[in-house]
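Have a look at the model first, then read on.

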Amino acid sequence: MDAPTNFSILDNRGSVIKYFNTIKRMLNQKEYTQIDLRKITSIDLPTLCLLGAFMLDRNTKSEYLKVTSPLTNSAAYRFFEEAQFENMIINERRSNFNSGAFLFRSEDEVNNKTIGDILTKTVNYFGEENRQKLRDIHPIIIEIVTNTADHASPDKNHTLPWIVNTYETKDSNGNKVKQYCIIDMGVGIYETLTDKANSRLQGKSLWRTIIKRENSQGEFFRQAIPKGLQSRTALRQRGKGIKYIYDIVSSNDMYKRFEIITNKTKINLVNLSSVEKDSSENLPATIYYWEICVE
């Protein structure tokens, strides 16, 4: 199965989600399937992360899956090589490693050491003098992964793994930029809210009212995020959620972009009023991707 040539979930969302869903369906039918990346011309960090998360996900029938890397003379291959993706993920299925500019971690719970590693690497990259400016990185990651760790189904004991990846690069002006990506392989935020509205509060739920009224998932999140999305756990100390992240990101120009891709929508927290059209395909996961630049 040839991957889309523009293998970027940020720029080519519909095609990339459709591709992963097709692969998933084939594997579920126990068909031997090859993800062929030899024709791709571009790839971005969240797509690389999603591929890694997909391969490592316990629900993927990976014994039927083979992945072929991009051609060695391509920019996509150089990205793969820098991340040691072929060695660590494709060949060894390693879920924890460092590779120069990359950090790759997979956890089943909120692991403060892992989150501390990310913060330390961030401060080392931008300099100790910028530690105060970077103070919100830690609570943002805690908020995301705590929410992910809470996604155990009520009738199950296990939580879902979360995947975090960071990448250090530079922009066109030579300024240091750090990219972050966290992937939650749950059902997706919109579906989680819909399930909660249908099961817990039945017909009286505010969420059910809004969800029913809005045909577009993107429009639903544009209206709902500033009001706050309640935590699924209903714990008093939880529930800061995406509104908490939105309040930080929208008021600090250090965050050059912050996007959430989940189900059929892509949410832009830096510019929430910019609503993209829903994709026809559903992504049963949540991707948090952001970039910071300390100028």
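**Side-chain briefing**

Glu219 counts as buried, at 19% relative accessibility (buried is under 20% relative accessible area, exposed is over 50%, and partly exposed is in between, with a 1.4 Å probe and protein chains only). Keep in mind that this is a predicted model, where local features need pLDDT of at least 70, side-chain atom pairs count only at pLDDT 80 or more, and totals for chains, interfaces and linings use all residues. Residues are numbered from 1 along each chain as its sequence is written, and side-chain values use heavy atoms, with hydrogens and water left out.

**Salt bridges**

- The count comes to 10 salt bridges, a salt bridge being a side-chain nitrogen of Lys or Arg within 4 Å of a carboxyl oxygen of Asp or Glu.
- Back to Glu219: its partner is Arg222, with the closest N and O atoms 2.5 Å apart.
- Both Glu219 and Arg222 sit in helix α9 (residues 217-224), three residues apart, or about one turn of the helix. Helices (H or I, at least four residues) and strands (E, at least two) are DSSP runs, numbered from the N terminus.
- Arg222 is partly exposed, at 31% relative accessible area.
- Arg38 and Asp36 also meet through their side chains in a salt bridge, 2.7 Å from N to O. Here Arg38 is partly exposed at 40%, while Asp36 is buried at 9%.

**Around Glu259**

- Glu259 lies in strand β9 (residues 255-263) and is buried, with a relative accessible area of 6%.
- Glu259 forms a salt bridge with Arg257, the closest N and O atoms being 2.9 Å apart. Arg257 counts as partly exposed, at 25% relative accessibility.
- If you leave aside neighbours within four places in sequence, Glu259 is in contact (heavy atoms within 4.5 Å) with Leu10, Lys266, Ile267, Asn268, Ile287, Tyr288 and Tyr289.

**Aromatic rings**

- A search of the whole structure turns up 12 aromatic pairs. Rings of Phe, Tyr and Trp (its six-membered ring) pair if their centres lie within 6.5 Å; planes under 30 degrees apart count as stacked, over 60 as edge-to-face and the rest as tilted.
- Phe7 and Tyr19 make an edge-to-face pair, at 5.9 Å centre to centre and 90 degrees between the planes.
- This pair links distant parts of the chain: Phe7 is in strand β1 (residues 6-7) and Tyr19 in helix α1 (residues 13-28), 12 residues apart.
- Tyr19 also pairs with Phe20: the ring centres are 6.2 Å apart and the planes are at 75 degrees, so this one is edge-to-face.
- On burial, Phe7 comes in at 0%, Tyr19 at 6% and Phe20 at 5%.
- Phe7, Tyr19, Phe20 and Phe54 form one aromatic cluster.

**Charges over rings**

- Lys176 has its charged end over the ring of Tyr125, 4.9 Å from the ring centre. The rule asks for NZ of Lys or CZ of Arg within 6 Å of the ring centre and within 35 degrees of the ring normal.
- Likewise, the charged end of Lys178 sits over the ring of Tyr180, 5.9 Å from its centre.

**Cysteines**

- The whole-structure search finds zero disulfides, a disulfide being a pair of cysteine sulfur atoms within 2.5 Å.
- For Cys181, the nearest cysteine sulfur is that of Cys49, 3.7 Å away.
- Cys181 is buried at 0% relative accessible area, and Cys293 counts as buried at 3%.
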